[in-house]
Amino acid sequence: LLGRGVAGESVLISARRLLASFGTLQGIAEASIEQLSQVHGIGTAKAAQLKAAIELARRLSTVGESEDRPLLDSAEAAAACVRPHFLGKRKEHVAALLLDTRHRLIRISPIAIGSLSAALVNPRELFKEAIGACAAAVIVAHNHPSGDAEPSAHDVEMTVRLAQAGALLGIAVLDHLIVGATTVVSLRARGVFH
């Protein structure tokens with residue numbers, strides 16, 4: 001962000017001076033433009049750039065808390081959210097819709113890519129993503145490239161395994177959606193798990 005240093009000094013020296021003056025990155029973030037520009041090598045323009053970058057980071061960190069994130073409180077809402085993710089896929093793709101405690105979408109994470117007719121999901125991969133996103137719940141979804149959304153025995157078995165693993169970790173598996181050409185099947189609605 002600082003670009004380059006001042007005459008005869010590397011930008012790293014200016015960066016070290018900033019840290020020495022304010023102690024931590026948090027200290028730099030809390031400093032005013034006037035305070036930042038008092039540090040040798042940091043003029044008003046660089047101080048303003050730093051404050052702008054800090055403000056941008058702050059705003060990005062709150063995007064996840066925004067009401068713009070869809071509420072996925074039904075299989076239909078989740079299906080509408082995930083269906084575009086699978087458009088044009090010729091192999092089975094498994095994705096996880098990672099949700100917060102209010103069932104708002106944090107993000108959609110790809111979990112596995114399989115063959116034309118099967119995708120093996122390792123619970124470790126699914127829950128690694130969920131834990132990394134601080135998700136309280138997940139909805140698993142995958143496509144059937146054949147276009148037929150009818151669940152296979154493997155789909156049912158995988159769903160039960162994932163729900164059991166989630167229960168152990170305290171991350172609820174709310175549903176498993178199978179996306180076909182024109183329909184989406186909810187395994188929760190089918191009574192596969194509760």
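For these notes, buried means under 20% relative accessible area, exposed means over 50%, and partly exposed is in between, with a 1.4 Å probe and protein chains only. Helices (H or I, at least four residues) and strands (E, at least two) are DSSP runs, numbered from the N terminus.

This is a predicted model, so I kept in mind that local features need pLDDT of at least 70 and side-chain atom pairs count only at pLDDT 80 or more, while totals for chains, interfaces and linings use all residues. Numbering runs from 1 along each chain as its sequence is written, and side-chain values use heavy atoms, with hydrogens and water left out.

**Entry: helix H6**

I started with the face of H6 turned away from its buried side, and found the exposed residues Arg-124 and Gly-132 there. Then I looked up the buried residues of H6, which are Pro-123, Leu-126, Phe-127 and Ala-130. They sit on the same side of H6, because they cover an arc of only 85 degrees around the axis (the arc is that of the directions from the helix axis to the C-beta atoms).

What covers the buried residues of H6? I found S1, S2, S3, helix H7 (153-169) and strand S4 (172-179) among the cover. At the start of H6, I noted a side-chain oxygen of Asn-122 within 2.9 Å of the backbone nitrogen of Arg-124.

**Entry: positive phi**

Most residues other than glycine have a negative phi, so I looked up the exceptions. Cys-134, which follows H6, has a positive phi near 55 degrees. I placed Cys-134 in the loop between helix H6 (123-132) and strand S3 (137-143). Cys-134 counts as exposed because its relative accessibility is 64%.

His-103 also has a positive phi, about 65 degrees, and is not a glycine. I found His-103 in the loop between strand S1 (93-99) and strand S2 (105-113). At 28% relative accessibility, His-103 counts as partly exposed.

Plain contact means heavy atoms within 4.5 Å.

Asp-100 is in the loop between S1 and S2. Is Asp-100 buried or exposed? Asp-100 counts as buried, because its relative accessibility is 16%. I found a side-chain to side-chain polar contact of 2.7 Å between Asp-100 and Arg-69. A polar atom of the Asp-100 side chain also lies 2.8 Å from the backbone nitrogen of Arg-104. Leaving aside neighbours within four places in sequence, Asp-100 is in contact with Arg-69, Ile-106 and Ala-136.

His-144 lies in the loop between S3 and H7, and it counts as buried because its relative accessibility is 10%. Which side chain does His-144 join in a polar contact of 3.1 Å? I found the side chain of Asp-155 there. Leaving aside neighbours within four places in sequence, the residues in contact with His-144 include Glu-92, Pro-151, Ile-178 and Gly-180.

Methods. A polar contact is a pair of N or O atoms within 3.5 Å; within protein, one must be able to donate a hydrogen and the other to accept it, and residues adjacent in sequence count only if both atoms are side-chain atoms.
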